[in-house]
Every structure is written in structure tokens, then in C-alpha cells.
There are 2 protein chains.
Amino acid sequence: MTSLAIYAFQLLAKRAVPDDLVDVPDLSPPDDDHMEDSNPVENEIFSSWALFILLLLLMSALWSSYFLQQRRIKAIHETVLSIFCGMIVGLIIRLSPGHYIQDAVKFNPGYFFNILLPPIILNSGYELHQANFFRNIGSILTFAIPGTFISALVVGIIIYIWTAIGLDNVKLEFVDALAVGATLSATDPVTILSIFNAYKVDPKLYTIIFGESLLNDAISIVMFETCQKFHGHPVKFSSFFEGIGLFLMTFTISTIIGILIGVLVALILKHSHVRRYPQIETCLVLLFAYQSYFFSNGAHMSGIVSLLFCGITLKHYAYYNMSRRTQIATKYIFQLLAQLSENFIFIYLGLSLFTEVELVFKPLLIIVAFISICVARWSAVFPLSRLLNFLYRARIEKYSGINLSTNSINIPDEISHSYQMMIFWAGLRGAVGVALAMGFGGEAKWALLATVLVVVVLTVILFGGTTASMLEILGIKIGCVDEAAESDDEFDIEAPRIHQAVPHLMGNRRFTKPTTKVAAFKDNLSSRNSSMHNLLDGENPNIISGDDDEDFAGSDADDLMLEPHGTRNTFSNGTGDKGVLGAFLSAEEHAKWFTRFDEEVLKPVLLDTIPTGQVSSSDSTNELSTGGSRRD
Amino acid sequence: MTSLAIYAFQLLAKRAVPDDLVDVPDLSPPDDDHMEDSNPVENEIFSSWALFILLLLLMSALWSSYFLQQRRIKAIHETVLSIFCGMIVGLIIRLSPGHYIQDAVKFNPGYFFNILLPPIILNSGYELHQANFFRNIGSILTFAIPGTFISALVVGIIIYIWTAIGLDNVKLEFVDALAVGATLSATDPVTILSIFNAYKVDPKLYTIIFGESLLNDAISIVMFETCQKFHGHPVKFSSFFEGIGLFLMTFTISTIIGILIGVLVALILKHSHVRRYPQIETCLVLLFAYQSYFFSNGAHMSGIVSLLFCGITLKHYAYYNMSRRTQIATKYIFQLLAQLSENFIFIYLGLSLFTEVELVFKPLLIIVAFISICVARWSAVFPLSRLLNFLYRARIEKYSGINLSTNSINIPDEISHSYQMMIFWAGLRGAVGVALAMGFGGEAKWALLATVLVVVVLTVILFGGTTASMLEILGIKIGCVDEAAESDDEFDIEAPRIHQAVPHLMGNRRFTKPTTKVAAFKDNLSSRNSSMHNLLDGENPNIISGDDDEDFAGSDADDLMLEPHGTRNTFSNGTGDKGVLGAFLSAEEHAKWFTRFDEEVLKPVLLDTIPTGQVSSSDSTNELSTGGSRRD
């Protein structure tokens with residue numbers, strides 16, 4: 001129906017300009033060389049129609065999203081619908097006469113990287129649940145960096161071998177095959193995570209997949225560009241290490257850029273009166289964040305990483321220096337831009353399948369590529385998970401001095417097998433890969449682009465469509481209400497309202513390394529209901545010990561890392577193996593240095609006032625009293 | 001300093017790419033034909049730098065706006081600063097080697113019309129003070145339609161005569177000269193109105209200038225396109241009427257399109273549950289509004305008019321069907337987008353002066369053009385004001401049956417002489433003119449474009465810079481606190497907090513035709529302070545008569561046209577000439593048909609609930625009880 005309407009509009013637009021009135025006279029706009037339609041007035045009209053069609057698709061995607069959520073239809077996911085909508089409209093545009101609209105809606109990597117991608121990254125960083133993210137940072141970085149590298153390598157090798165066989169008449173150097181591997185390793189979080197959100201999947205799993213997909217987009221891009229730099233040069237063994245060195249330098253500098261800009265914003269907001277002008281304030285915050293992206297890209301660093309850490313830093317410091325209005329405005333605006341971008345990207349993908357007129361589809365290559373990414377994902381996720389589990393156990397053993405196997409203490413894996421399976425399944429590829437693939441050059445370009453495009457769409461449809469079923473099959477915990485995810489936004493009717501299942505639970509939350517249920521608790525807790533288990537997942541008990549004061553101070557700092565109105569609850573631990581638990585605690589002491597540093601040094605410097613509801617140490621209070629009031 | 005930094009960045013960017021690493025190999029991105037730099041990797045980097053520079057300019061503009069407001073510097077206006085910033089950076093870009101950035105930041109009318117202009121129009125419509133707007137709609141339409149037409153005609157004639165003299169070697173047909181006149185007749189509200197806001201100028205003057213500038217942008221565009229349609233054809237006398245006919249049709253249909261879409265949104269929000277998903281809701285509202293613009297443009301109508309009336313209709317109906325979160329989000333987002341666009345347009349103008357490499361500056365033509373717009377503005381404003389004053393008097397005489405001159409009743413002019421002067425002075429030209437001028441074709445193109453650009457910049461600097469002084473010289477009332485402009489946004493610290501100067505004033509506000517102080521009140525009021533006069537300006541007394549109930553009903557409707565928490569106050573009228581006042585009242589009875597229709601028919605159909613705080617008629621209550629609750 002929509003397509004018919006669009007087609008009708010196109011015909012209408014063509015007829016609406018009476019030929020006799022429109023010559024090409026002196027004062028008419030100049031011809032654009034690319035336009036096949038010679039009539040410039042028509043071109044202006046067509047640009048309006050092109051935008052109208054794109055926005056109409058976007059509205060359809062949003063409306064179908066609402067519809068699916070309203071009717072609680074889980075069989076089809078909205079991103080899959082968006083791709084199909086895009087494909088249908090792309091087909092119609094392809095078949096209709098004239099090239100203007102087709103050219104106008106073609107996938108342009110410049111638009112993607114400069115306009116569509118930043119809002120998503122920024123919103124992800126801004127809305128990031130920081131405690132969970134940094135709690136699982138080890139796993140995240142492991143999957144993101146070595147994981148993406150392994151994946152790219154495997155895909156590259158398989159593709160290289162296949163093209164060397166020559167059945168498809170595609171010739172590639174090894175470095176180029178690696179570049180293809182890099183593009184095919186960028187995973188996309190949107191589909192999986194919206195499903196996870198709908199099901200309220202365990203926060204830890206959510207965070208690992210989310211963090212990994214954010215970072216590996218950046219890593220894919222850097223890897224791709226590094227491969228391009230090495231193109232045409234003899235590949236020496238040392239190149240490998242050069243590449244790694246370049247890559248680590250890029251990653252580190254980008255992070256620093258992002259953090260510095262976030263800190264700069266915090267200081268500007270603190271030491272100026274710009275918060276009296278919330279409109280200007282909001283604009284400036286938004287622009288600073290985008291500048292971190294463009295500056296980083298311009299300096300050959302990774303804009304995504306900078307923007308991500310800029311967003312995190314903004315939320316951690318600058319947010320508390322903003323006027324209330326800007327706090328709300330930035331939240332809403334970042335969310336809106338991200339929502340629009342995400343939906344639009346999938347439509348764009350679907351459209352491109354048909355509006356990119358020069359694509360060369362090679363079915364065998366596509367199948368091989370698809371198989372290769374499954375193999376690659378497998379070889380990245382499972383070995384690395386085993387490594388993480390091993391390291392985790394070793395750490396426990398080190399700190400507790402207990403040999404776990406000899407004592408028959410069964411500590412659950414850091415990443416259980418079902419989690420590993422789910423992480424494997426969440427390896428949907430996304431638009432970043434397609435945008436990178438647009439950067440291919442040479443004769444094989446169109447075949448490779450077509451391959452990447454089809455593989456991406458296939459993974460979204462196949463893996464995305466079956467995620468819900470996989471969650472059931474694997475028995476992943478769902479319905480977890482993450483109490484720390486309370487929104488401080490009083491209008492946020494979407495935020496879950498948390499009611500404590502067991503009211504007598506008291507205490508503080510700890511900044512801890514990730515833990516699953518510990519055997520020592522199991523007996524204690526087996527009688528409680530499953531929602532309690534969900535609440536407790538990832539928590540450590542507050543051991544009544546001489547550490548209490550420090551624990552409280554630590555947990556206050558922990559609360560500071562959460563949303564301002566984070567609840568304070570844990571549970572008392574009746575029985576338990578103090579040795580093992582003590583190991584958890586000691587292990588976390590080391591990690592708490594940052595929270596203490598943050599609390600006692602950084603925040604008083606960067607913030608106007610410590611947010612209400614949190615206890616500050618005496619040092620902070622002294623520094624605060626000289627810090628000035630929040631509103632001037 | 002900024003410029004030096006930018007220049008340094010450019011050099012840095014050039015050096016940062018080691019030559020030996022970047023060949024143009026197989027897998028590198030394809031060359032863009034327009035790029036003179038052969039290195040595609042550099043092109044990607046340059047696009048990031050171009051965006052970085054543009055955003056940096058934007059941030060500087062915003063920061064200088066904050067700075068000027070903070071230090072209460074009124075000598076220079078921020079838009080003037082923006083233009084100068086743009087000019088300086090444009091000069092630097094022009095002088096530096098390479099063309100990429102220069103091409104990237106060139107003024108592109110497509111970007112202007114499709115991206116920069118809509119947010120400003122949408123925000124204007126959304127934040128419009130509807131009561132004032134429709135109260136002064138007669139004056140607004142008079143200045144906008146005949147006024148712009150007269151202005152374009154005068155400018156066209158003068159330019160035609162000048163070019164016919166041939167001193168500048170520019171040849172123009174009459175129709176083309178008229179097109180130039182049309183481009184030079186589009187006034188720009190931004191500068192003047194931000195000064196008016198800062199000084200809190202009389203709402204009536206504000207509204208007239210604001211409304212006129214909004215509408216005459218649309219009318220200039222339509223006029224320009226109509227002239228282009230007639231290009232090359234013999235200009236007959238009947239063409240004139242054809243043109244007028246086309247023009248009125250365009251205007252009417254565009255208005256209808258905008259209103260229909262606004263009503264559609266209201267109905268969708270009412271009859272669906274999309275408000276449970278505020279993110280989707282916000283996106284949809286935004287997209288619908290933009291669709292009105294693109295659809296209208298695509299259908300050869302005036303997108304600006306459609307968008308304006310769509311925004312007004314959204315605020316009037318759909319706003320009350322939105323979730324609270326979307327209400328706030330849309331407000332903030334529209335304001336943010338408008339703020340960014342406004343600032344950016346002036347920077348863009350400044351940049352274009354130097355980055356448009358082919359401009360041909362003809363000083364004599366520029367001077368003649370500048371003089372012509374002054375003459376044109378004069379010939380539009382003063383005669384039309386005299387006409388309006390005459391009609392106004394005639395209307396009073398008709399309804400009161402009193403011959404004002406014979407009875408020596410001195411009724412102040414509808415538009416006093418100082419107002420006329422200020423309206424003349426507020427004729428700054430703006431970016432719409434420049435964008436239209438980009439549409440020129442033919443040999444004279446670059447000379448005309450340069451002329452329009454320089455004239456626009458000159459008017460902003462000269463008229464804009466002296467507005468503050470003119471306000472003082474003319475003795476225009478400033479410091480008016482418009483009580484109806486209360487914001488319903490509890491975070492809006494920028495909204496003036498209204499405290500009634502005289503607490504015992506009670507009663508309702510009326511939906512009235514514009515009035516200035518009436519002689520009958522003068523004696524009554526001369527003893528009160530000036531702020532009271534400001535409050536009262538434009539108000540009619542509530543005559544204690546048998547009309548009371550109806551008055552209350554009317555004023556409820558009137559309040560419905562304001563922000564939801566509009567205050568209710570008037571004043572008691574001790575003495576007064578009932579005859580003349582009665583004339584005011586009867587004249588307004590006729591105008592109130594719409595408010596009654598709106599209240600009794602439209603709102604119950606289109607809204608979920610009548611907003612709180614307003615009395616509804618019994619009919620509405622009956623319909624309401626079947627309308628369902630607001631939240632499902």
C-alpha cells in the first residue's frame with residue numbers, strides 16, 4: 001500500500017510540472033552534472049520527494065515497532081521488518097524510471113559515519129550502566145579486542161583460501177582478505193539488545209554483549225584502516241606487531257581524547273554561568289560530544305572510542321553540573337537521535353540491496369562468507385570464554401589461598417556455557433561492516449560489497465529472528481529487574497518501577513568484580529524466590545566484619561557511579577565460606593582504588609556539588625566547602 | 001586565535017598522513033570526481049575536519065551569545081558576530097591550499113532548504129503565542145502579502161532600470177528583475193527578535209514583525225518560483241493576475257496541508273496507545289511535522305507555510321494528547337534544532353562570502369540594490385500602515401455608529417508612527433534570500449548572487465546593530481512582561497515569572513482584536529504605573545453586562561489558545577465610553593465564532609481531555625464523558 005502510494009507520488013510529481021511552463025531559460029538553476037533528468041526544477045522537487053520517502057519509511061518502521069510491542073508479537077523483530085521495508089521500497093525505486101531518487105537514497109558511507117553512527121554511540125555511552133560496564137570490563141575487552149582480531153583473521157584466511165581457489169573469479173591479496181575479515185567482524189548490538197530489553201535478560205549478559213559490540217565496531221574500523229595502510233606492501237612478520245602497536249596506540253589515544261573532552265565540559269559547566277542559559281548549555285554539550293568524534297577521526301584516531309568515553313565521562317561528571325533542564329534535554333535528545341538513527345540504518349541497508357545498481361552477487365562467495373563468520377565467531381567466543389573462566393578461577397585461588405578443585409568447592413563459571421552460546425548467537429553483523437565495505441576499491445569491489453551486504457542482512461534475519469527462541473532453549477535468566485537501572489527521570493514511564501521483593505534486605509551495594517551465584521550462598525538462598533536470585537545476581541554480601549566502615553565508604557562511591565537515586569540494598573549472609581568470600585572481597589579491594597580516587601580527588605575538582613543522597617568523606621567535604629554553591 | 005588553530009589543524013592533517021604508507025592501491029576507496037586532492041584517505045579525514053571546523057564555529061557563536069548576554073553587552077549582536085566569524089574563517093579557508101574543505105563548506109541551497117530552515121519554522125509555529133498572532137493576523141497578512149509584493153515590485157523596477165542603464169554590464173529581463181526583487185524581499189526575524197526578546201519589547205510589535213517575517217519568507221519563495229515559471233514568456237497584463245491567482249492558491253493549499261497533518265497527529269495520538277512509548281511518540285511527532293514540509297514542497301506548494309501551520313495546529317491540539325515526556329521532549333528538541341540552525345545560518349552566510357569562489361562583486365549594483373530595498377521597505381510599510389489605521393478607524397466607526405472625528409474622540413492608531421518606523425527598521429534581509437539567489441541561472445548569476453549576499457550581510461550589520469538605539473530613539477515600550485507568555489514548563493528558568501502588579505485585578509482575558517490604549521481608559525489609568533499599562537495593553541475591560549456568561553465562555557476559549565496555565569486577569573473599568581467600547585466588543589463577537597467552534601466542536605473531537613484549569617461548556621462535558629480517560 002505504501003509502496004503503491006509512493007509510486008503514485010512519483011508519477012504525480014512527474015506530471016505536476018507542466019512542460020510548457022518550464023523551459024531551461026537564463027535564470028534557471030544550473031544543471032547538476034550527475035542528474036540525468038535535465039529539468040532542474042524537477043530535481044528540487046525530487047529531492048523533497050526523496051526525503052519524503054525516506055521519512056515515510058522511518059515512520060513506518062517506528063509505527064511497526066509500536067505495533068509489535070503493543071501486540072506483544074515476538075516472532076518478528078522490528079529491525080527485520082525495517083530491512084524488508086527498505087528492500088521493498090528499494091526494489092520499487094529501482095524499477096521506476098529515472099535515476100534521481102535512486103541516487104538520492106543510495107547508501108553513502110560519509111552520511112553513515114558522520115551523521116547516523118555518532119548519535120547511537122553517544123547515546124550508548126550516555127545511558128551506559130557504568131557499574132555493570134566496568135564490572136565486566138575484563139570480559140568485554142577480551143571479547144572485543146582479541147575476539148575481533150581472531151574473528152577477522154579466521155574470516156580473512158577462509159576468504160583468501162576460497163578466492164585463491166578461484167571458483168568465483170575474485171582475486172584478493174592476503175591483506176585485502178584481512179580487510180574483508182575486519183568488515184565482517186563488526187557486530188551490531190541493536191537487534192539483539194532490543195530483544196534483551198524486552199525480555200529483561202540478565203544484566204551481566206546484556207552488558208557483555210553490549211560492551212563488546214560497541215567496542216568491536218571501533219576495533220573493526222581501526223583494523224580495516226590498518227590493513228589498508230599495509231596494502232601493497234610486502235607482509236612481513238614484523239608487520240603483525242606493527243599493526244598491533246598502531247592499533248593499541250589508536251585505542252588508547254582515542255580513549256584519552258574522549259575522556260579529556262568530557263572533563264573539559266565538566267569544568268566549563270562548573271566554572272561558567274552558562275547553565276543560566278539552558279538552551280545554549282544543551283547545544284554546547286551536544287556539540288562538544290560530536291567534536292570529540294570529528295576531532296578524533298580527523299586525527300586518525302578512532303572516533304567511536306572517543307565518543308563512547310566522552311559520553312561516559314559526561315554522564316559521570318558533567319551531568320551533575322548541568323541545569324536540570326539540560327539534564328533532561330540531553331537525555332531526551334540523545335535518545336531521540338539514537339532511535340531515529342538506529343531505525344534508519346536498517347532501512348538504509350534494505351534500500352541499498354537494490355539501489356546500488358552495480359552490485360555483483362556471487363552466491364558461492366556469499367555462502368562461504370556466511371559460513372566463515374559462523375566459524376570465526378565460534379573460534380573467538382568459546383576459547384576466549386574458557387580463558388576467562390580459567391583466569392577467574394586462578395584469581396580466586398590466588399586471593400583465597402584455597403585450591404578450589406582439591407576442596408571440591410564448585411564455583412560457577414564466570415561465563416557459563418549457556419552464556420557462551422548466547423554470546424555466539426549475538427554475533428549479528430551490522431551496518432558498520434557495510435559502511436566499511438563501501439570503502440573497498442579495485443575490481444573485486446562490487447562483489448565484496450554485495451557479499452558483505454547480503455551476509456549482514458542474513459545474520460540479522462537468521463540470528464536476530466531466532467534469538468528469542470535461543471533464550472528459551474538455553475535457559476537464560478529473563479525477567480531480571482535491575483534495580484540499579486532506575487531512571488532519575490520522573491517522566492520516564494518506561495523505566496521499571498522497582499519494588500524490593502524482600503523488604504528486610506538492607507545494606508549497601510558493592511563495587512565488585514562480576515560474580516555468579518556462589519556455592520556458599522546457594523543453600524542460604526535456595527529457599528528464596530527467583531526474583532531474589534535475580535536481584536542478587538552479581539552482588540556480594542556485605543560481610544559483617546571489621547571492614548564495615550570501609551565497605552560503606554566504598555559502596556557510597558559505588559553509588560556515585562550509579563544513577564543518583566540508586567537503591568541501597570543487599571542481604572545478610574547467614575552462613576558462608578568466609579575464605580572464598582574473603583577472596584572476592586580482597587580481589588575487589590584492588591579494584592576500588594579508582595572509586596576512592598574518583599570520590600576523593602576527581603569529583604570535588606570536577607563537580608560543583610556532590611549529588612544529594614550520597615555520603616562524602618571528610619576530605620571531600622572540606623574541598624566542597626570551598627567549591628561554591630551549585631546555583632549562582 | 002581560533003582561526004590560527006584551525007589553520008594549524010589543516011597543516012597538521014596534511015602532514016599526519018605519511019606519504020609512503022598511502023598509495024592508491026586496489027582496495028582503496030574510489031576517487032570522487034570533484035576532489036582535486038587525489039588521496040581518498042585524505043578526503044575522509046578532510047570531511048571530518050570540515051565538520052569539525054563548522055561545529056567549532058557553531059560553538060564559538062553559541063559561546064559568544066552566552067558571553068554577550070552574561071556581560072549584558074548590547075552594542076554588538078551575536079548574529080553579527082557569527083557573520084564575522086564566518087567571514088574570517090571563510091577567508092582563511094579560501095587562502096589555504098587545497099579545495100576540499102572549501103567545497104565542503106560551500107553554501108548549498110539544498111542543505112539550507114531541507115535541513116536548516118525547517119527546524120526554525122517548526123519551532124516558530126510550535127512556540128507561537130497563538131492569541132497574539134491571530135489577534136494581529138490582519139496586520140500580519142497585510143504586511144506579509146501585499147507588503148512583500150510591493151517590496152519585490154519596487155526592487156525589481158529599480159534593478160531593472162539600473163541594469164537597463166547598463167553601467168554594470170548586467171542584462172536582465174523584467175521578470176528576472178522581479179525574481180531578484182523577490183529574493184531581496186524575504187526578511188529575517190532572528191536578529192531583530194532576539195533583540196526584542198532581550199528588551200522585552202511590546203508583544204504586539206513583536207508579533208507583527210515576527211508573523212510578517214515568517215510569512216514573507218514563504219511568499220518570497222512562491223513569488224520567486226512564480227517568476228521563474230514566467231521566465232522567457234511574454235509578460236502580458238493577464239500574467240499579473242495569473243501570478244496572483246497561482247500564489248493565493250499555493251498559500252491556501254499549503255495552509256490546509258499543514259493543518260490537516262496537525263489534526264492527523266492529534267487524532268493518531270488520541271486513538272492509539274502510542275503515548276505509552278514516549279520515545280516512539282516523540283519521533284513520530286517530529287517526523288510528521290517534517291513530512292508536512294517535504295510533502296508540500298514536493299507538491300509544488302509552500303513547505304514553509306505548511307510547516308508553520310502544522311506547528312501551530314500541533315501545539316493547539318496534539319500537544320494535549322501527548323504524554324508529558326513527549327510534551328517536554330518536543331519542546332526542547334524543537335528549540336535546540338532551531339537554535340543550532342539559526343546560529344549556523346549566519347555563520348554559513350559569512351563563510352559563503354569567501355568560499356564561493358566565483359562571486360563577481362559589482363559595487364555600484366550592490367549600492368543600488370541596498371538603496372532599492374530601503375526604498376521598497378519604505379513604500380511597503382508606511383502606506384500599508386496608513387491603510388490599516390484607516391480600516392481600523394472605519395471599523396470602529398461602523399460598529400459604534402459614532403463618527404470619531406466629529407466627536408473629537410481620539411483613538412490611537414492601530415499602528416502608531418513609532419511602530420511603523422520600527423517595522424521599517426526591522427526589514428533585515430536574511431538567508432532565505434541568499435538561498436533563493438543560489439537558484440539564479442544565466443550569465444548574471446554570480447554578480448546577482450554576490451549582490452544579494454552583500455546586501456543581506458549589510459542589512460544585518462547596519463539595521464541589526466542599530467536596532468537597540470532605534471528602540472530608544474523611537475520611544476518604543478520596553479520591559480513589557482507578557483503574562484500570557486508563561487511557560488508551562490517547570491524547568492524553564494528562562495521564562496519570566498509573572499507577578500501581578502496590582503493584586504485586586506480580577507476577571508478574564510478576552511479574545512479581542514488588537515487595541516492600543518483607548519482614550520476612555522486613559523483618565524482611568526493615568527494614575528497607575530507603567531507596568532500596568534503594559535499589562536493592559538491589548539486588553540479590553542470586562543464590561544459588567546448581560547454578556548458576562550458568554551464572556552466567560554469566550555475567555556475560556558481564549559485561555560485555551562494560550563499556554564495551559566495562562567493567568568486570568570483583567571481590571572475593572574470605572575468610567576468609560578460604553579459606546580466606543582461597545583464597538584470593540586461587538587466587533588469581537590464576530591471574531592469569536594472560531595473560538596466557540598473550536599471549543600465546542602473541534603476540541604472534543606480532537607483532544608482526549610480538555611486541559612485542566614479550564615471551564616468547559618456542558619456540551620463538551622457530555623462529549624468528554626464518552627471520550628475516555630487520558631491515560632489508558
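A: Let's start with a charge and a ring: K315(A) lies over the face of Y319(A), at 5.1 Å from the ring centre. Keep in mind that this is a predicted model. You'll find a second case at W446(A), where the charged end of K445(A) sits over the ring, 4.8 Å from its centre.

Now for rings meeting rings. Searching the whole structure turns up 46 aromatic pairs over all chains. One of them is Y126(A) with F334(A), an edge-to-face pair with 4.7 Å centre to centre and 80° between the planes. Have a look at where the two partners come from: Y126(A) is in helix α5 (residues 109-126) of chain A, while F334(A) is in helix α14 (residues 324-355) of chain A. They're 208 residues apart, so this pair links distant parts of the chain. Both rings are tucked away, too. Y126(A) counts as buried because its relative accessible area is 0%, and the cut-off is under 20%. F334(A) is buried as well, at 2% relative accessibility.

Rings can also gather in a group: F370(A), W378(A), F382(A), F424(A), W425(A) and F463(A) form one aromatic cluster.

Finally, hop to the surface. There you'll see a nonpolar patch with about 820 Å² of accessible area together, and Y160(A) is among its members, along with I157(A), L364(A) and I367(A). Two elements of chain A, α7 (137-165) and α15 (363-400), each give two or more residues to the patch. I367(A), for one, lies in helix α15.

Definitions and conventions
Residues are numbered from 1 along each chain as its sequence is written. Chains are lettered from A and ligands numbered from 1 in the order in which they are written. This is a predicted model: local features need pLDDT of at least 70, side-chain atom pairs count only at pLDDT 80 or more; totals for chains, interfaces and linings use all residues. Side-chain values use heavy atoms; hydrogens and water are left out. Patches are made of residues with over 30% relative accessible area and no salt bridge: like charges are joined within 9 Å, nonpolar side chains (Val, Leu, Ile, Met, Phe, Trp, Tyr) within 5 Å. Accessible areas come from the Shrake-Rupley method with a 1.4 Å probe; for residues, only the protein chains shown count as cover. A salt bridge is a side-chain nitrogen of Lys or Arg within 4 Å of a carboxyl oxygen of Asp or Glu. Helices (H or I, at least four residues) and strands (E, at least two) are DSSP runs, numbered from the N terminus. Rings of Phe, Tyr and Trp (its six-membered ring) pair if their centres lie within 6.5 Å; planes under 30 degrees apart count as stacked, over 60 as edge-to-face and the rest as tilted. Buried means under 20% relative accessible area, exposed over 50%, partly exposed in between (1.4 Å probe, protein chains only). A charge sits over a ring if NZ of Lys or CZ of Arg is within 6 Å of the ring centre and within 35 degrees of the ring normal.
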